[in-house]
Amino acid sequence: MWDPQVQEYFDYVLPLVKKSGEELLTAENYEVETKGFVYDLVTIYDRKIEEILIKKIKEKWPNHKFIGEEESEINGIKKLTDEPTWIIDPIDGTANFVRGLKITCVSIGLVIKKVQTMGIVYNPFLDELYTAIKGQGAFLNGKRICTNGQTDITKSIFNYEISIARRPNYYDLYMYRFKHLIKVIMGFRSLGCAVLGLCYVADGRLDAYQCDGLYPWDAAAGVLIVREAGGYVCDSRGKEFNLMDPNFLATSTKALSDQFMIIERKADEERLNDRNSTKSEKTNT
Ligand code: IPD
Ligand code: CA
Ligand code: CA
Ligand code: CA
């Protein structure tokens, strides 16, 4: 049902997100720092955009809560309460941004009473604005979007973030998963921007996107946009998606997700068998 209060939030925040994104178009001569790991980059723009979004929203609604990537770096990731909470990724795809790869966006999601209620994503380089309000559909530059309705895994393109350095615990899982999947699907992509990966499932450019070990800000806006575009989102093992621990599979259709889970079970079986035979080899020597 249309909610005038949510509409007011949307109308206020949308221009702020667009303006923040436009700042990136003129960015030059800025420093690229790391947050402790070589792959974890941050710029003045990441910090500035998040600060401005929080400041402007707080001015209007002082009681609202925030979970932003950069402030979580200092304060830790806060628990989700029933209060309206804005979940912000000031730049998703910072590594793309600093290299001039135009797969970068500003992303903000709103969660009310723990329900994902709104998502706004703007890629200034392509002037693409994705929006969704729960129950009202998903839009790209104001035009309604739907997933491509793909139900055949053999015709599917899957997006993955294949950056194992960030996720060493997933190495084994990924190797077996990819080995099985590569024989079946049409192709893999790795875009380096979780939020746009989700938006591209929503608008039918991609059929599926899976990622493990992400953060709420990587998924808050995009997951709602996929769902509002008619797509299906579950956690990576087929269970319910949890925004505060986002491992997810987002697909054009539930049928595609079901086909993926069959492959995942085969990969799991092989992984387990290999592990058991390595163990018994070790005990025999
Ligand atoms: C990253 C991107 C990337 C994903 C990383 C994220 P950031 O976000 O979404 O696609 O593989 O895990 O951290 O740091 O550019 O906001
Ligand atoms: Ca980051
Ligand atoms: Ca991110
Ligand atoms: Ca970021």
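Select helix α6 (residues 194-202) together with helix α7 (residues 216-228), whose axes come within 8 Å and cross at roughly 0°. Helices here are DSSP runs of H or I with at least four residues, strands are runs of E with at least two, and both are numbered from the N terminus. The axes are lines fitted to C-alpha atoms, for helices over the stretch in contact, with angles from 0 to 180 degrees between N-to-C directions. Angles under 35 degrees count as roughly parallel, and α6 and α7 are therefore roughly parallel to each other.

Next, display the residues that make this contact: Ala 194, Val 195, Leu 198, Cys 199, Val 201 and Ala 202 of α6, with Asp 218, Ala 219, Ala 221, Gly 222, Val 223, Ile 225 and Val 226 of α7. Two residues are in contact if their C-beta atoms, placed from the backbone, lie within 7 Å. By class, this contact has eleven nonpolar, one polar and one charged residues. Ala, Val, Leu, Ile, Met, Phe, Trp, Tyr, Cys and Pro count as nonpolar, Asp, Glu, Lys and Arg as charged, and the others, Gly among them, as polar.

The model is predicted: local features need pLDDT of at least 70, side-chain atom pairs count only at pLDDT 80 or more, and totals for chains, interfaces and linings use all residues. Residues are numbered from 1 along each chain as its sequence is written, while chains are lettered from A and ligands numbered from 1 in the order in which they are written.

Now move to ligand 1. Of the 14 residues around ligand 1, those that come nearest are Asp 92, Thr 94, Glu 161, Gly 192 and Ala 194; a residue is near if its C-beta atom, placed from the backbone, lies within 6 Å. The shell divides into four nonpolar, four polar and six charged residues. Strand β4 (85-92) and helix α4 (94-98) each supply at least two of its residues.

Colour the chain by domain next: domain 1 covers 4-145 and domain 2 covers 153-280, bounds that come from an automatic or database domain assignment. Their C-alpha centres lie 23 Å apart, and their contact takes 33 residues from domain 1 and 26 residues from domain 2. On domain 1, the side that touches domain 2 has 19 nonpolar, ten polar and four charged residues. Each domain also gives at least three residues to the shell around ligand 1.

Finally, select Asn 169, in the loop between β10 (157-160) and α5 (171-181). Asn 169 counts as exposed because it has 9 C-beta neighbours inside 10 Å, the cut-off for exposed being 12 or fewer.

Key: Angles under 35 degrees count as roughly parallel, over 145 as roughly antiparallel, 65 to 115 as roughly perpendicular and the rest as oblique. A residue is buried if 20 or more other C-beta atoms lie within 10 Å of its own, exposed if 12 or fewer, and partly exposed in between; C-beta atoms are placed from the backbone.
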